[in-house]
Amino acid sequence: MIKDELARLIKEGYNALGELEFAESTSGYLLYHWSNRNSLAETRIYRSVEDARQIARYDSRGAYRPLKGAPNLPNGWVIEVATIDELKKALDFFYPGAIGTWLGYHAGTVQPVCLRQTLNRQTGMYRVTRRLTDEQARNLVKDACRSDGRCLRTILWGIEDSQPPDFLPSSKCDPSVDQTGQNRAALPFLCLEACNLLVAAARTRMKESSS
Ligand code: SF4
């Protein structure tokens, strides 16, 4: 089970995922924003897993966060949970499916899907994205997915089938690199297929280029 794998990974020394850090405590586990690692006593304490869902929903200015991988989580809080199951659920509220995706990729049960395949599946108002050229696609991904301000996921897909994402900085494609720049023992936070927001950005790019 994923929670058992998470417990094993914590014992191995992993203590971070995206902007989050976690630690074992005398009563279970603590989960907090990395920027509070030295100031936990000054943060607001939460004790329900459901609080994670609410914290993950808005940034520090109260704006909705449509992209869960965006590096704009609010800080100033700590969630105390009693069990590894609760920690796993809280992490899933912040980064849905992230741990399962990593474990599946590691085990070889899930594979990256190239951007062309994702776009060729689009219908209706997004069908136009099928016409995105390779160059437009590369420029779009470099901008819309960059770790400094856009998304902390590590990209493992290329533009075409069997192509590596070698148009990106090597650090953006390396699961062992902590995308926050904190050099922590972070669990890989993978992107195995372009998300809906990137597809929507591709549509906007196509509309701009045709106007
Ligand atoms: S495509 Fe992947 S890396 Fe890019 S914004 Fe979406 S989730 Fe993040």
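## A lysine and its contacts

Setting aside residues within four places of it in sequence, K172 is in contact with S147, T154 and I155. Keep in mind as you look that this is a predicted model. You will find K172 in the loop between β6 (154-155) and β7.

Is K172 buried or exposed? A residue counts as buried if 20 or more other C-beta atoms lie within 10 Å of its own. K172 has 22 C-beta neighbours inside 10 Å, so K172 is buried. For a sense of distance, pick out N75 as well: K172 and N75 are 97 residues apart in sequence, and their C-alpha atoms are 24 Å apart in space.

S162 is exposed, because 6 other C-beta atoms lie within 10 Å, and the cut-off for exposed is 12 or fewer.

N183 lies in the loop between β6 and β7 too. Its phi is positive, about 55°, and N183 is not a glycine either. With 9 other C-beta atoms within 10 Å, N183 counts as exposed.

Now find helix α2, residues 49-57. Which residues of α2 are buried? They are V49, A52 and I55.

As for the buried residues of α2, they pack against β5 (77-81) and α3.

Helix α4 spans residues 98-107, and its buried residues include A98, I99 and W102. Why do these residues count as being on the same side of α4? They cover an arc of only 100° around the axis, and that places them on the same side.

What do the buried residues of α4 pack against? Their partners are α1 (2-12), β1 (16-17), α3 (84-94) and β7 (190-191). After α4 comes G108, whose phi is positive, near 80°.

## Where α1 crosses α3

Two packed helices are described by the angle between their axes and the distance between the axes. The axes of α1 and α3 come within 9 Å and cross at roughly 95°. That angle makes α1 roughly perpendicular to α3.

Which residues meet here? From α1 come I2, K3, L6 and A7, and from α3 come I84, D85, L87 and K88. The residues of this contact divide into 5 nonpolar, no polar and 3 charged.

## Around the ligand

Finally, have a look at the ligand. The residues around the ligand are L67, G69, A144, C145, C151, R153, I155, C191, A194, C195, L197 and L198.

Technical notes
Residues are numbered from 1 along each chain as its sequence is written. This is a predicted model: local features need pLDDT of at least 70, side-chain atom pairs count only at pLDDT 80 or more; totals for chains, interfaces and linings use all residues. Helices (H or I, at least four residues) and strands (E, at least two) are DSSP runs, numbered from the N terminus. The arc is that of the directions from the helix axis to the C-beta atoms. Two residues are in contact if their C-beta atoms, placed from the backbone, lie within 7 Å. Axes are lines fitted to C-alpha atoms, for helices over the stretch in contact, and angles run from 0 to 180 degrees between N-to-C directions. Angles under 35 degrees count as roughly parallel, over 145 as roughly antiparallel, 65 to 115 as roughly perpendicular and the rest as oblique. Ala, Val, Leu, Ile, Met, Phe, Trp, Tyr, Cys and Pro count as nonpolar, Asp, Glu, Lys and Arg as charged, and the others, Gly among them, as polar. A residue is near a molecule or strand if its C-beta atom, placed from the backbone, lies within 6 Å of it.
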